Amino acid sequence: MTLTPDMEAPSLADLEALARTVFADLPAVFRDRVKGVLIRIEDFPEDDVIEDMGLESEFDLLGLYKGVSIDRKSVSDVAHDLDRVYLYRRPILDYWCETGEAIGDIVRHVLIHEIGHHLGLSDEDMEAIEDAD
C-alpha cells in the first residue's frame with residue numbers, strides 16, 4: 001500500500017488483509033513455527049496494557065505479543081489462553097504518516113518483531129529475518 005494525498009486511512013479490515021498478505025510472504029521457516037498464534041488488529045492497546053507498560057500515549061505501541069514464548073513453554077504447561085500478536089492500527093497509521101515508510105514494510109516489521117517474541121528470538125535474529133528477501 002502506497003501513501004497518496006487523497007488516500008483514506010486503511011480500516012481495521014484493510015490492515016488485517018494486509019497483515020495476512022505480509023504474513024504469507026514471510027520466510028516459510030519462520031512462518032511454520034507460528035502455528036496457533038492468533039494475529040489481531042485493534043485500533044489501540046487496551047488501557048491496562050498502556051498502564052502496565054508505562055506508556056505515555058496510546059500511540060507509543062505499534063504491536064504486542066501476549067502469551068508464553070516457545071522457549072519458556074513446558075510440555076506439562078496447561079494453556080490458559082491462545083498466544084496472540086496484536087497490531088495497533090492507529091499507532092501504525094500515525095507512524096506511517098510521520099515517516100512516509102511503506103505501510104506494508106511497517107506491518108512486516110511489527111509482525112516479525114512480535115512473532116519473534118513468541119519464538120524467543122533475539123533482536124539480531126529478528127533483524128536477519130527482516131533483511132531476508
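This is a predicted model: local features need pLDDT of at least 70, side-chain atom pairs count only at pLDDT 80 or more; totals for chains, interfaces and linings use all residues.
Figure 1. Residues are numbered from 1 along each chain as its sequence is written, and side-chain values use heavy atoms, with hydrogens and water left out. Asp43 and Arg89 form a salt bridge (a side-chain nitrogen of Lys or Arg within 4 Å of a carboxyl oxygen of Asp or Glu), with the closest N and O atoms 2.7 Å apart. Because Asp43 lies in the loop between strand E1 (38-42) and helix H3 (47-53) while Arg89 belongs to helix H4 (residues 89-99), the pair ties together parts that are 46 residues apart in sequence. Asp43 is partly exposed, at 29% relative accessibility.

**Figure 2. The salt bridge between Glu42 and Arg40.** The closest N and O atoms of Glu42 and Arg40 are 2.6 Å apart. Glu42 is partly exposed at 25% relative accessibility, and Arg40 is also partly exposed, at 33%.

**Figure 3. Arg20 and Glu16 within helix H1.** The side chains of Arg20 and Glu16 meet in a salt bridge with an N to O distance of 2.6 Å. Both residues lie in helix H1 (residues 12-24), four residues apart, or about one turn of the helix; helices (H or I, at least four residues) and strands (E, at least two) are DSSP runs numbered from the N terminus. Arg20 is exposed at 57% relative accessibility, whereas Glu16 is partly exposed at 32%.

Conventions
Buried means under 20% relative accessible area, exposed over 50%, partly exposed in between (1.4 Å probe, protein chains only).
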